[in-house]
Amino acid sequence: MDSIRETDSSNSENVSLINVSNNGGTSLPSSSSSPTSSRYENQKRRDWNTFGQYLKNHRPPLSLSRCSGAHVLEFLRYLDQFGKTKVHTPICPFYGHPNPPVPCPCPLRQAWGSLDALIGRLRAAFEENGGKPEVNPFGARAVRLYLREVRDLQSKARGISYEKKKRKRPPAQQIPTLPLPPPPPTGAS
């Protein structure tokens with residue numbers, strides 16, 4: 001468990017999921033970084049550095065090897081303060097309405113889709129940095145249950161039910177049909 005690479009704590013930049021500079025000043029200590037990283041890889045690196053910064057600023061500071069699903073949940077709840085998705089409370093008159101006509105005092109939260117994507121990137125980054133899949137705190141049951149709860153709560157609050165997307169099957173290949181030869185004449189003997 002001690003083989004998990006910690007994020008570089010000598011980096012004094014405060015990296016945030018909400019306000020990240022594009023100067024490339026943060027780096028993930030990884031030998032697999034290529035000069036033309038994809039957008040996904042860049043976001044995963046920034047998210048990983050942000051989580052590492054969160055652990056460093058945690059009171060008391062927390063090492064990645066001692067991080068659990070409960071700490072991941074604490075991090076997700078911390079991120080809610082930067083959210084931009086209005087989530088109506090059950091007592092709000094607009095609860096269940098997708099487009100309320102006037103503003104209301106309901107809180108802003110992180111959208112479920114953003115949290116789900118974030119956890120996916122952090123889960124991958126954890127394993128890429130030496131973490132074992134069986135101890136990955138981002139894959140903990142509590143985290144999966146929390147994400148499901150957030151999804152359900154937000155879909156009810158907005159009046160839009162979430163339905164799992166059905167896989168599209170590729171269209172059946174059209175085999176050209178050849179005209180059949182006429183049947184042989186009967187009774188001609």
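The legends below describe close-up views of a predicted model.

In this predicted model, local features need pLDDT of at least 70 and side-chain atom pairs count only at pLDDT 80 or more, while totals for chains, interfaces and linings use all residues. Residues are numbered from 1 along each chain as its sequence is written, and side-chain values use heavy atoms, with hydrogens and water left out.

**View 1. Helix H3 and its span.** Just after H3, Gly 130 takes a positive phi of about 95°.

**View 2. The buried residues of H3.** Leu 115, Leu 118, Ile 119, Arg 121, Leu 122, Ala 125 and Phe 126 are buried, meaning under 20% relative accessible area with a 1.4 Å probe, protein chains only. Their cover includes helices H1 (39–57), H2 (69–79) and H4 (141–158).

**View 3. The largest nonpolar core.** This core, a set of buried Ala, Val, Leu, Ile, Met, Phe, Trp, Tyr and Cys residues joined through side-chain atoms within 4.5 Å, has 23 residues. Phe 51, Val 72, Leu 76 and Phe 138 have the most contacts inside it. H3 gives the most to this core, with 6 residues. Leu 76 touches Leu 115, Leu 118, Ile 119 and Tyr 146 (heavy atoms within 4.5 Å), not counting residues up to four places away in sequence.

**View 4. A cis peptide bond.** The bond from Arg 59 to Pro 60 is cis, with omega near -10°. Pro 60 lies in the loop between H1 and H2.

Technical notes. Buried < 20%, exposed > 50% of the residue type's maximum accessible area, 1.4 Å probe, protein only. Helix = DSSP H or I, 4+ residues; strand = E, 2+ residues; numbered from the N terminus.
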